[in-house]
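Trainee: Could you take me through one part of this model in some detail? I'd like to look at how a pair of neighbouring elements packs.

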Amino acid sequence: MADHNDPNAVNSIFSDIDVSAADLYDIFGFPADDRTGVEKVVIALTFAAVPQTGVFDTDMLYRILIAPDGRIARSGSDDTSLAGLLAYLEGVKDKYLKILKPSEVRVTVDHNNRADLRFIGFPGGSFSASIATNQTVSVRSPGGHQISAFVGGRDDAFFNDLTGFFRSINYAPQFYHVPHTMPDVRELKIPKTFLELEGNDLLNYDPQLPRWGHGIKKELPAGSLTWSGDRFRKDQNGNFRFVYSGEDARAGQNCNAIILELPLTFLTATTDEHRVVNACGESWVLKAAHKVETIPDDPLWIEHPHVLLDALTLDDELKKYKLVDTDGQAFADAALSEREDNRQLGANNFWLAPHFIKRLGHLGWGFGPSITALGLASAFDHDNSPVSVHRTYSSVLEAFPRVRKILFQELNMPDASWNRKGLPIPLRRAVDIFIPNVNSIDMDTTGTWPFGRRLEDQVATRFLSTFLDMSASFNGRRYHVDLLNDPALWNAAPIEPKTAPNPLKNDKEFLQNFPYLAEPW
Amino acid sequence: MRRITDSITTLSGASDPGRVTRRLYSLYQKASIAGDFAALSVVIGAIDDSIIGLANPGDLYLLKAHAAFKLHKLADVQSALRAVPSVYDTDEGRLIRADLDFQHGHYAAAESAYLDVLQRDRSWSALARLAHLRGKMGDAAGANLLYEEAEDQLTAKEMRAYAWLELQCGFLDFTHGQHGEARLHYRRADAAYPGYWLVDEHTAELLGAEGKYEEAARILERIASTVDRPDLDQAIGELYELAGQSGPALHWKERALNAYLQSAQRGEVHYYHHLVDYYTDVAEDGGEAVKWANRDLQLRENFATQAALAWSLYRVGRFSEAVCWIDRALASGVVDALLDFRAGEIYAAAGNAIEGRSLRERALSRNPAVAGFHVHH
């Protein structure tokens, strides 16, 4: 009787699957600055440089989904109640029906490291092209549109203090060896905060180990992983300690990238009407059954409901792949969806709206009081709490009043330069930005976040600004998305170190011309 | 395997908990993929040494539970899982506890736990476990669908797991006498993960069942030259016996028996059921078979150990006791042609010719090749 052949023999306890080439980093998108000739949009999808910078994993398939659309029109009487939010989400779902059928650019790379680009479903025509990697190539659509393409290794264009961000949300795996068998120990049940908490030995900066959290981890201590203090930490001079250092965690590191510069006329037949280009990216990995070409598709697979669902929604090529990661709006995953795999819904994230509201409420109780302690005004209603609070919500109804302003306030821009034509373009709101999870590039703007995402945007700090009260003023100016990037603010604040949360610029200068991202290191 | 070996080399001398755990996991993987039980024992020792130095040794306890399970040290599995409450309650902990239930013959409890975990996460390993159980309970179609769903979860980065699942599908066909279908699955497994000894072992078993004894023996000899596996030695001996080559047959059988006994002398228990099979089917020494069958039964009472004891009692001529034990196995709900076939033999020997014939016919209807060669897995 057999028993050495039981499922225990699968030998897979901990995840040992190297799919990091599927780890999407960012999707950038902005109108091309060169305004001679036809109007063009730049879209860059970046991801882990695996197996090497400029060398691609041949089991991967990347998609850039593109859906041009009209700009959201908003009246001054927009309903900011929960009912209004729900109505907005219903509208998004209707709108999303269009985005569900976007055009797309599909990219795979073969064993000779040549990239196969398929342009599918564009008004300007569907076609494919095989191009060399790591060099700029111009391809021509059937309709004669010139498209610039680059598939290769670049300097990673993301610049932020990842350690600081993780410290602000008490993300233990950045600082500790967290065992696989302790799945609950990710974000510790300690108030999220911009300012260190008095006595928070689990996460406060350790002068004896200054590189802690920058690749150095400690062993997770036994015992309670909570905090029981009641104030922010202050030094002998009365200054708070910032959880951020402004250090670029991605300095000197590369990514692989798919960069495209596309004529708007290729993307839409109605360029006057479609002034917003919605874009998002996806990574897919080949399924095992299709790794071996000699393995035929078993018709029985179609009988299985899971596969049946795929069969209804995916084309023949995608059925051979498995969706791994999605990327649309910066920080939609990392901050608001907690990076959980089962929340990788991509643009289709309106299903997550209740979670989004509760999560925002949770973050607000952490970030709001620390903003107020610095003498700034917060959009989160924290009842004037003198210190950050760890609070979670199970009810949207309970969380919504707290986060209403964050969701619906217009995010002021630092000056008028973003609106390069001076058109009546409404300022964006958090609710517009994060649901659905797409990068919405407004072709009449510079494409700076949140009207797209330019390479030079310090988007991590701009994300933090969504917690500021945009009706308040600093030095006689209304708060704006770059306020927390202003060195003057930090120089005047009772805080150490006196730095903006994240670096103000990338570690390498971006290029003036295509492919815009800097050469790899 | 090269990646695992590289990982072991890279991580040697590691002191931080993450790297220590990773290294031990790689060692475990290397030993278990190779089917090297001696190396698995060494890994357990290394795990015990490392657990002492860690503040949060949960991962290592889970690893120890898996390793101990492979070596049939079921009490050690339980104690490892209980050492850290968070391990006990993780889905991985739940799954291996369900595996324990299966080993102890608590099939309904095992199924319930698999289904519970699958409600949260339809992972391929949980699907494969449920498929295995369903297959044992006679639902081959259901098992196949679950295996297929499990395969659909796997990506090109998990080809060894895919090959393993293909082997399970093939083995399910093999146990129903569907050799052609089994061969197709084994070929897919080989195409997916070339050079996997487990594929070769199953292919050899299939060839043996088809009467290609020498070809099968050569394949197993090649595997046996790379790893100490007395169960393969026994299979080689049986194949040579069937091929009419008594000299090599004797050599391989003796080699198998010596290794089984040495293992038992070292206090290991994972070859107990092979000793039972050896003494019942090769040496036809019922007394020794009953001794080892009882020892195995003390570790875990399930349909397999019950049937093994029954078959041993049959060999020694204690037919009424054999009937009692085979009845228990038949009552487990497991649907297995070999179980029916042996039950038929036992019943016939006990004087119940009608029931004996009925059981044999049922066995043959389930697997026309049930009396043919098979490897004692």
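This is a predicted model: local features need pLDDT of at least 70, side-chain atom pairs count only at pLDDT 80 or more; totals for chains, interfaces and linings use all residues.

Mentor: Chain B has 22 helices and 0 strands. Its radius of gyration is 21 Å, close to the 21 Å the globule rule gives for 377 residues, so chain B is as compact as a globular protein of that length. Along the principal axes, the C-alpha trace of chain B spans about 65 × 45 × 40 Å. Of the 377 residues in chain B, 54% are buried. Among the chain B contacts with a separation of 6 or more, 46% are between residues 24 or more positions apart.

Now for the pair: α15(B) runs over residues 230-242 and α16(B) over residues 246-265. Their axes come within 7 Å and cross at roughly 160 degrees. Anything over 145 degrees counts as roughly antiparallel, and therefore α15(B) and α16(B) are roughly antiparallel to each other. As for handedness, the crossing of these two is left-handed.

Who actually meets whom? On the α15(B) side you'll find B:Pro230, B:Asp233, B:Gln234, B:Ile236, B:Gly237, B:Tyr240 and B:Glu241. Facing them from α16(B) are B:Ser246, B:Pro248, B:Ala249, B:Trp252, B:Lys253, B:Arg255, B:Ala256, B:Ala259 and B:Tyr260. Sort the residues of this contact by type and you get 9 nonpolar, 3 polar and 4 charged.

Key: Residues are numbered from 1 along each chain as its sequence is written. Chains are lettered from A and ligands numbered from 1 in the order in which they are written. Helices (H or I, at least four residues) and strands (E, at least two) are DSSP runs, numbered from the N terminus. The radius of gyration is taken over C-alpha atoms; the globule rule is 2.2 Å times the number of residues to the power 0.38. A residue is buried if 20 or more other C-beta atoms lie within 10 Å of its own, exposed if 12 or fewer, and partly exposed in between; C-beta atoms are placed from the backbone. Two residues are in contact if their C-beta atoms, placed from the backbone, lie within 7 Å. Axes are lines fitted to C-alpha atoms, for helices over the stretch in contact, and angles run from 0 to 180 degrees between N-to-C directions. Angles under 35 degrees count as roughly parallel, over 145 as roughly antiparallel, 65 to 115 as roughly perpendicular and the rest as oblique. A crossing is left-handed if the near helix is turned anticlockwise from the far one by less than a right angle, and right-handed if clockwise. Ala, Val, Leu, Ile, Met, Phe, Trp, Tyr, Cys and Pro count as nonpolar, Asp, Glu, Lys and Arg as charged, and the others, Gly among them, as polar.
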